[in-house]
Amino acid sequence: MKNKLFFKYLKPYALLICFLFLLIIVSTVAQLFIPIISGNAIDYITDQNYNKALFCVLLILTFILISMIFQYFFELLTSNFVQSFSKKLRDDLFHKYNKIEVYYLDLKDKGDLLLREISDVENITNGFISGFKQAIQGVVSIIMIVVYMFVLNWLLALLIILLTPLSVFFSVFIAKKCGKYFTIQAKYTAELSSFSLESLNNIKTTNSFNYQDNRIKRFIDIDNNLYKCGQKAQFYSTWINPTTRLVNSITYALVLLLGCFIILQPDSFSIISISLTVGGLQTLLLYANSYAKPFNDISSTVTELENANASLNRIFEILSIKDIEENDGKLVEDIKEVNFNDVVFSYDGSKKILDGISFDIKQSQKIAIVGKTGCGKTTLINLFMRFYDINSGSILLNSKNYKEIQRKELRKNIGMVLQDTWIFHGTVLENITFGNDCNDMNRIVEACKKLEAYNFISNLKDGFNTQISDNSILSAGEMQLLCILRIYLKNPSFIILDEATSNIDALTELKINNAFDRILKNKTSIVIAHRLQTIKQSDLILVLDKGKIIEMGNHKQLLDKKGYYYELYNTQYK
């Protein structure tokens, strides 16, 4: 799967890669002519033919210039290719995060997902810059040098080629060791990133419990694992270059000794028709070094390549997840009726979070859901919004299975305010109009006044243009008000409130509930609440316990039953 995805990403760059091959071939051939010309120059000087020697020098300068020009365009286009490839990976990763089931994202730490999009893509970029260029140049160089060496002196060429596998053997052996540790290193890096992000986001809670020392100790433990694994990976990788260079130095020395012997004792090799000049030996020595260089260069990039490979596996793990399968069903009218029929759901396939949930919602009804923490209230909402899909049973919208309706179409008709606020970095106005595209300032100001938000917004430094974020000076209640404003301006036909006023003081909550009464008029709504006083006027109250509906009715009916709801209500208000 990884290889298929990898080649899929490379396919659009096929012509560019072919052109890069052409550029590097021309550049490499020009470079590899230089040792031959320099060897001829030495022989011309030995024969005191200075005019031809000078011509060789000019020819060398010409080939250097040609090689530099083609190398420049090769480097330029390769860098553009690598950056374009990396951008495509980042774009597709972020797209994938937004197109796959929320379930997959819940299984991963948010810090780990962030690391894949930034650090892992960067590792691949570095691996490509060093590995891709070295691989192309190395393969071309090796082929051309072998041809040139056999033309000059097949015996010395054979000696060089026979000794080369030793260098390759050491590189491959050490690379396998590195690969194992780099994969583990990527795992610990992700764990460290996730832990750091979690700690920074909850630093106030950590300090309030005087838990700093424990978090520091935990961080050090993870960091020690990363240090030990990284140390082993770097230790093995540092052996590659010295080992290959040792083999290459031995090869160079043997070629020099044998070459000198051929020059000094030409008769000894006349039987196999081998001869050599001083310039020819110089050329072969240069080629011996040039022949070893691609192996050295490739071996020196093993660290980056192995790191890139580990990162590639982590990225393609996400990219290989199938996007949500969507139907193209539309809602031709507002949601008039919702039917939950024997709905069953489990996160892990073993423990049922919801078990046999059945109830009906009519248009303009206000439905309240109450129960202990963990009874399945929020899960019920997540299923209705199709953040998850039910395991069995059915949910019908206007008598139509909601799985046949496009998610975007479903959510377009629903507004949801969660207990946890989400304020992004931007202006107050941008946060209020997020997802509703309202640009009528009169309507926005009117909405802010109705929801008791206008006063605090006006008192901000720049009013509606004040830059805010989730770490800004706004209180939790003020941020919740902004989230409620988004839904009011969106004006959906169906509204879900999941503890929407939990972070607001009692006086503001009373005002907000009065505003909600106006907002929810003639709209269908589901309200999750712990404070039962806020849901007394609901048309239908569902009481959940251990994933089942144990009571159902309006406030008076449930009190008259003197069951679970009765006890819960009396616990809060008597």
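Reply: What follows begins with the chain and then turns to helix α16.

This is a predicted model, in which local features need pLDDT of at least 70 and side-chain atom pairs count only at pLDDT 80 or more, while totals for chains, interfaces and linings use all residues. Residues are numbered from 1 along each chain as its sequence is written, and side-chain values use heavy atoms, with hydrogens and water left out.

The secondary structure of the chain comes to 19 helices and 12 strands (DSSP runs, H or I of at least four residues for helices and E of at least two for strands, numbered from the N terminus). Of its 574 residues, 46% count as buried, that is, under 20% relative accessible area with a 1.4 Å probe, protein chains only. Among contacts (heavy atoms within 4.5 Å) with a separation of 6 or more, 77% join residues 24 or more positions apart.

Helix α16 covers residues 476-490, and its 15 residues reach 22 Å from the first C-alpha to the last, close to the 21 Å expected at 1.5 Å a residue, where the expected span is 1.5 Å times one less than the number of residues. Because 12 of these 15 residues are buried, α16 is largely enclosed by the rest of the structure. After α16 comes N491, which has a positive phi, near 55°.

Technical notes. Buried < 20%, exposed > 50% of the residue type's maximum accessible area, 1.4 Å probe, protein only.
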